Amino acid sequence: MTMRTDAEVNRADGVGVALGSADTQPDRARHRRQLLVTLGAVAIGFVAAIAVPLSVGDRFLVTVILTAGVFTLAAVGLNLLSGYLGEASLGHAFFMGIGAYVGIWAGETLGLPLLAWIPVVLIAGAAVGALTGPLALRLRGGHLLIVSIGLVFIGQWIFTNARDLTGGPNGRPVNLPLAIGPIDFGDLVIGGTRYTAVQSLAVLVWIVCVIAIVVVRNIARSRTGRAMRAIRDNELAASASGVSLFRAKMGAFIVSSAIAALAGAFFAQQLRYLEPTSFSLLLSIQIAVVLIIGGSGSTAGPVIGAFFFALTPLLLQRLEWLPFVLSPNEEGFGLTAGELSNFIFAVLLVLILLFEPEGIVRLLARLWNKITAAIKRRTRAKIGEN
Amino acid sequence: MSDFLQLTISGLALGCQYALVAVGFTVIMKSSGVLSIFQGGLVLLGAYLTYQAHQGWGWPFFLAVAMAVAVCAALNLLAESQVLSRIRVRSNEVLIFLTFGLLLAVQPLVESMWGSDILNLGDPWGLRSVQLGPVTVTERDLWTIGASVIALGGVFLLFNKTRIGLAMRAAASDPEAATAQGISPRLTQGVSWALAGALAAFAGVLMATAVGGGVRPGLADVAFAALPAIYLGGLNSPIGAVVGGLLIGLTQQWAAGYAPDSFGQGFSAVFPYLVMVVILLVRPQGIFGGKVVSRA
């Protein structure tokens, strides 16, 4: 990673605040405008989180929206650690597993309602994050990545053997309580219309996603977030400038695992039947791929990556006429839609890392800049004509 | 006592398989500074290509193995020259994810070609057992150990007795000085990657023909168990990789034999990773490694 100047970092984050001149008139106006834009975006986010799942009737599309929500949530957590702090990790399946089983324990065994088991899951995730955090503190340069792989295997061993809670290798059904007072996100009824369980859960997951995105974005733009980016770009320089490596790294690790744990609980509820193998290395890889393809270190990256991840297998199923694509029951040489989408993710991962390490978000931003530049040029030309 | 010896022999056989993969890891690490997870994909391809040639086309077993080893060496060479060399952001994480991407691309292709069932590679090593004093040893364990010793011995002869081996060691210890002496870094890197590919493919064949083996998609995961071996031995040390591989194989088999039931199902499989976490916390540079791991 190369060093970026503060101004570049700010521009990259869309902050656009001039350095060292916080109180001039145009800046204050710009601040206010920025605040309005942010609040507006959050409001739109909440409305979309509720309206989109409820208005989409197609069963498959609703599933895509729910899957994308769960993976967005997990990737938002990973983004704090990998995108902003620059510590790649494949341990997310482990933290998601912790969250899923703690959620089942709190929600089903203890019978806590939604608003009580969510904090329990968050705290459990944070606690396990704090326990494993020292690994992240001690190791750099890809070693955390390798240790986190080990963590996933160790997690699978624990989940397989904690039979009372997890049902052992055979797994167990999941039915978490999802009601806040009269609003039941397991079975949403609004104005006499009853929505499906998937739609209801999708609304809940996306509301949580919007909150998580706002929280992570705020952390990323706070003092701690700047410390994290400084560490990512040059750890030694950051440390020499008085940044506390311990605080920044532990903080990122704890918040990231807490969010992952919550994503794990929703993941379990989506599956409805949970086996310890659900939290294999594959899940970690999928989340990392979602983040990298979408664009790590950006706010929109996880969302874009997650939708891409959830939509691709579905789109491929509709492309059975392509050569080498098998329909589900077809035998013979070729790839099923699932295999083909895994292959596409892998190839895309390689291409993104080689040619656009900042992901699809960056590609879209470039496209947008080109379009606006072209429009500007054209309007300017028109003004010239007149 | 004879139980212990029996477990030790099968542990050595398992350790040899880990050692082959682990030496491949360190050879690449030394020459290019990359921890190539693609090794797992080559283990997988090595086993499946041998299966295809031996069982599918009816080639003699050793010819099939030779073909698989050659193809995997060539593939790894391609991976280095066509993919890894094009990277612009040379951070360890990006490089690891890149090789992960290659592994992930291979897996669905293998599954679509050969399905996900366990395939039988036959019993090229024979099914007989040999009585060695109080211990009954299966012939295939002996073959596995013997073949690994020959392969690893070949690698160390290559390193220590040939010009190209000398060039590789020179390039690893000081790339600039080596280049100034007329050693082509492209050549030494290419040889390293090809060698690692060949070792991975050979290990794949051994794993597929081991007791309870078979040609299966999960072989790529077996290669992950070689990661603890290289951390135990030290990332930069091929000798360390051999020792680490053997230690992991031995302790894993002992754990399988002696761990009480209360340690739970799958304890021996997770044991290498427990070792790895402890090693990385206590001595991140491994037993034989120099100080290369930086801590915060």
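**Entry 1: two helices of chain A**

I began with a pair of helices in chain A and noted that α9(A) and α11(A) are roughly perpendicular to each other, since angles of 65 to 115 degrees count as such. The model I am reading is a predicted one. For this pair I found an angle of about 105° and axes 10 Å apart, with α9(A) covering residues 223–233. I then listed who touches whom: α9(A) brings A:A227, A:M228 and A:I231, while α11(A) brings A:L245, A:A248, A:K249 and A:A252. By class, I recorded 6 nonpolar residues, no polar ones and 1 charged one in this contact.

**Entry 2: two helices of chain B**

Next I turned to chain B, to helix α6 (residues 163–173) and helix α8 (residues 185–209). Their axes come within 9 Å and cross at roughly 105°. That angle makes α6(B) roughly perpendicular to α8(B). From α6(B) I noted B:I164, B:A167, B:M168 and B:A171 in the contact, and from α8(B) I noted B:L187, B:T188, B:V191 and B:S192. I sorted the residues of this contact into 6 nonpolar, 2 polar and no charged.

**Entry 3: where the two chains meet**

I then looked up the interface of chain A and chain B. The contact draws 47 residues from chain A and 44 residues from chain B. I recorded a buried area of about 4100 Å² between the two chains, with 76% of it on carbon and sulfur atoms. For polar contacts across it, I found 1 residue pair, both residues being at pLDDT 80 or more.

I also asked which elements of chain A supply the side that touches chain B. I found that α5 (114–138), α6 (143–161), α11 (245–271), α12 (281–294) and α14 (337–355) of chain A each give at least two residues to that side. The most comes from α6(A), with 11 residues. I divided the residues on this side of chain A into 30 nonpolar, 9 polar and 8 charged.

How values were computed. Residues numbered from 1 in each chain as written. Chains lettered and ligands numbered in written order. Predicted model: local features only at pLDDT ≥ 70, side-chain atom pairs only at ≥ 80, totals over all residues. Heavy atoms only, no water. Contact = heavy atoms within 4.5 Å. Buried area = accessible area lost by both parts, 1.4 Å probe. Polar contact = N/O pair within 3.5 Å; in protein donor to acceptor, adjacent residues only side chain to side chain. Helix = DSSP H or I, 4+ residues; strand = E, 2+ residues; numbered from the N terminus. Nonpolar A, V, L, I, M, F, W, Y, C, P; charged D, E, K, R; others polar. Axes fitted to C-alpha atoms, helices over the stretch in contact; angles between N-to-C directions. Parallel < 35°, antiparallel > 145°, perpendicular 65-115°, else oblique.
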